[in-house]
Amino acid sequence: MYRTSEIQAFSVDYLSSSHYNICMSTNTFKGGLHLPEHKELSDGQAIHAVCPSAKLFCIPVTQGGAQNNPVVAVGDKVARGQKIAESDAFMSVPVHSSVSGVVKSIENKLVSGNVQASCIIIEKDDRDDTAFLPVSDPFTCTKEEAVERIKQAGIVGMGGAAFPTHVKLSPPADKPIDCIIANGSECEPYLTVDERTMIESADAVIDGLAIVMHIAGAKSGILALEDNKTHVLPILEEAIEKAGYSQTMGTVLCKTKYPQGSERSIIQAALNREIPRGGLPFDVGCLVCNVGTLCAISEAFREGKPLIERAFTVSGKACTKPQNLKVPVGTLISDLIEEYFDVCDDVKKIISGGPMMGFAMKSPEFPVQKNTSGILFFNAAESNLTEESPCIGCGRCIKGCPWRLTPVLMARALKNNDTDTAKKYGLMDCAECGSCAYVCPAHVRLVHRFRLGKMIARKKEANAKAKAAAMQKGGK
Amino acid sequence: MASQIDLKQLNLVASPHIKARATTQHIMIMVCISLLPLCVNGVILFGIPALITLAVSVVSCVVFEWVAQKLLKKPVAIQNGSAVVTGLLLALVVSPVTPVWMIILGAFFAIVIGKEFFGGIGSNVFNPALIGRGFMVLSFAAAMGTWVTPVDAISTATVLATLKTGDTSFVTSDYFQLFIGNQAGTIGETSAMLILIAAVFLLITKIIDWRAPLAMTATVAILTFFSGADVLAHLLSGGLLFGAVFMTTDYTTAPVTAWGRVIFGFGCGLITFLIRQFGGLPEGVMFSILIMNAFTPFLNKIIGRKAGEPRKTLFKKSPGGV
């Protein structure tokens, strides 16, 4: 384990030595919150790979990246791992069938985000056909081939954003990458799946990190963890040693704080580099990948397996058996209820994702997606149900904002429909992490207001642009 | 156990789905707790009149708020405790011998005109307790300028008024008397010691921010030092510490940004010094804070560096700045 100051100098001597005795970390970023973790509910539960007995699987056509189109028709037989949706766009990521079966229908269904989206419904059969990609060695093929493989395997960021990984791995030529961060911070309360992935698949995570380092041409790789997961460190370090990467890889502990898992925070905490406003990690020579994504990258090369399975945490006090499950993508949550856990009568909220940034769902009949990191069943006591009251201007939201914005003044400006002033205070920089709304004593729904505000601001910008274009046309 | 989840009971409110426990009510209760020792001390020093003043002020503030919200057809929100805080603050910044009917009028002005007419909690421009007191001072100058000594309640002048006449004969033990609160003044402002204890309590519980109070007291101390007056006497007497701790930290009427708060405190200190030194009144804390309240919307424009923005320097103008 090394600290920020030491990373800067990144000495090989240091890496090969073993000063692994620091447990509390000082690596951190400004702002953010110390949240009650509630990880104990599903902590220590091994990831349980299951497949529900239900026959129907509902696979969303687009799961991150640009809009896809189905490439199968109703009635087609599909094999496990067969591509069923793609598009020509660079930003697009193909989607594969997670089971062997027959395409029953293609229709709009409820998906994560509480919206309707086009889904391919597949009825599972007993053929158990698989159609994986050929096994490939990431270190001998060309970089272009490797990036293409990651795209063809349908890999997206599994931390929650579902950003296409192959796009991340294709930074502009003038932005060299020197450090890859494996993001194992898992700062959302309740979730434990990344921690379990690191414990159970340390080798695959390390392999995935080595592959990404190779593709990006980075000379160092860092596994960044929060200091509530100190017990995972020896496992990772052993795996690094075993794989022979001790010269180039290391672990970094960061002070447990939300939102550590965001790229901006983790780069600040682990490397003390600051992404410029409106920039991306490659602007500071970094690339951040979730540990689950790295695991999937390793499998895509070593087994030729596309991203068709997803491990996630089921938790919350209205869930009878909190645990970590691994299911085929497209499994309906409602099919898992009763078979693997049950939901109490007093359930008040079903959340797809973590408690800070996840979506409240109107029904449990929605599929597990590539970016589903958790499904939470909250009772009334856990949920945030209080009504809004007037803002008293205490300024807690300013202290809590990890982006150093001024949420209270953004909200006040938006109340007057003044998006320009709100932008000056940082409306468009807001990552919707929810820190401000979490600390607000008046329970103002700040994130909700900022989402709406951003929509209005973008619309205004588009309108202004269209108007300017029309004026120019008229002038000619 | 529910094999069939009742979908109607599901709540769909947007993220975040968890919430810190602190509420507006919780904050107001903490402020009341911090004011309690000052109230007790006021009653010990000035006896039953102080107790009556406190009780009348709190009760009338709560009643006026309830009536105003009813008449303005707004949801009644007296349970958030802000009227209680205003009532306590108003009582603590008036002389213990103020007639009851004046206090009721002051409470009316504070709550109805100073707060509810501006839109209620969170929307008022001026500190309600101070605007109530301001009204009383301007309307009933003589009564509001009547002070009594602690315990024996003999009519006397405040230390600042004495200073104004040029009398500056202080010995060390006098400062100690001032520090523990053995001086004429309003019910709550006399004991610097108790005010500092309340300040520490509020700082530890993160109810208030240190910037504005520190900036205000430091400004007064430095300017008083350079003017050649008695710095300690100026700090320990009058409403400086009380105003700095409880009034410049008022959420609604003071800026929310870090540098906004510093400049707010500095402005309060500067105006206080100018009034004390050159004005016709012995004390200037109230007017200084009320004047700076008017600057708050402008001071809120001073925002810090956003994440990823280049560091600002004093001499280079950068976007998002003033």
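**A buried arginine, a helix and an interface**

In this predicted model, Arg133(B) is buried and yet has no salt bridge, for the nearest side chain of opposite charge, that of Glu189(B), lies 5.6 Å away. Arg133(B) belongs to helix α5 of chain B, which runs over residues 128-139. Apart from its neighbours within four places in sequence, Arg133(B) touches Leu90(B), Val93(B), Val94(B), Met144(B), Trp147(B), Thr186(B) and Met286(B).

We turn next to chain A. In its helix α3, which spans residues 143-152, the buried residues are Ala146(A), Val147(A), Arg149(A), Ile150(A) and Lys151(A), and these pack against three other helices of chain A, namely α4 (165-168), α6 (202-216) and α9 (291-302). Just after α3(A) comes Gly154(A), which adopts a positive phi of about 70 degrees.

The two chains also meet each other, in a contact to which chain A contributes 71 residues and chain B contributes 40. Between them about 4700 Å² of area is buried, with carbon and sulfur atoms giving 57% of it. On the side of chain B, the residues that lose the most area to chain A are His17(B), Ile18(B) and Lys19(B), which together make up 16% of what that side buries.

Glu274(A) forms a salt bridge with Arg305(B), their closest N and O atoms being 2.8 Å apart, and 27 residue pairs are in polar contact between chain B and chain A. Sorted by class, the side of chain B that touches chain A holds 19 nonpolar, 13 polar and 8 charged residues.

Notes: Residues are numbered from 1 along each chain as its sequence is written. Chains are lettered from A and ligands numbered from 1 in the order in which they are written. This is a predicted model: local features need pLDDT of at least 70, side-chain atom pairs count only at pLDDT 80 or more; totals for chains, interfaces and linings use all residues. Side-chain values use heavy atoms; hydrogens and water are left out. Helices (H or I, at least four residues) and strands (E, at least two) are DSSP runs, numbered from the N terminus. Buried means under 20% relative accessible area, exposed over 50%, partly exposed in between (1.4 Å probe, protein chains only). Lys and Arg count as positive and Asp and Glu as negative; His and the chain ends are not counted. A salt bridge is a side-chain nitrogen of Lys or Arg within 4 Å of a carboxyl oxygen of Asp or Glu. Contact means heavy atoms within 4.5 Å. Buried area is the accessible area (1.4 Å probe) that two parts lose on being put together, summed over both. A polar contact is a pair of N or O atoms within 3.5 Å; within protein, one must be able to donate a hydrogen and the other to accept it, and residues adjacent in sequence count only if both atoms are side-chain atoms. Ala, Val, Leu, Ile, Met, Phe, Trp, Tyr, Cys and Pro count as nonpolar, Asp, Glu, Lys and Arg as charged, and the others, Gly among them, as polar.
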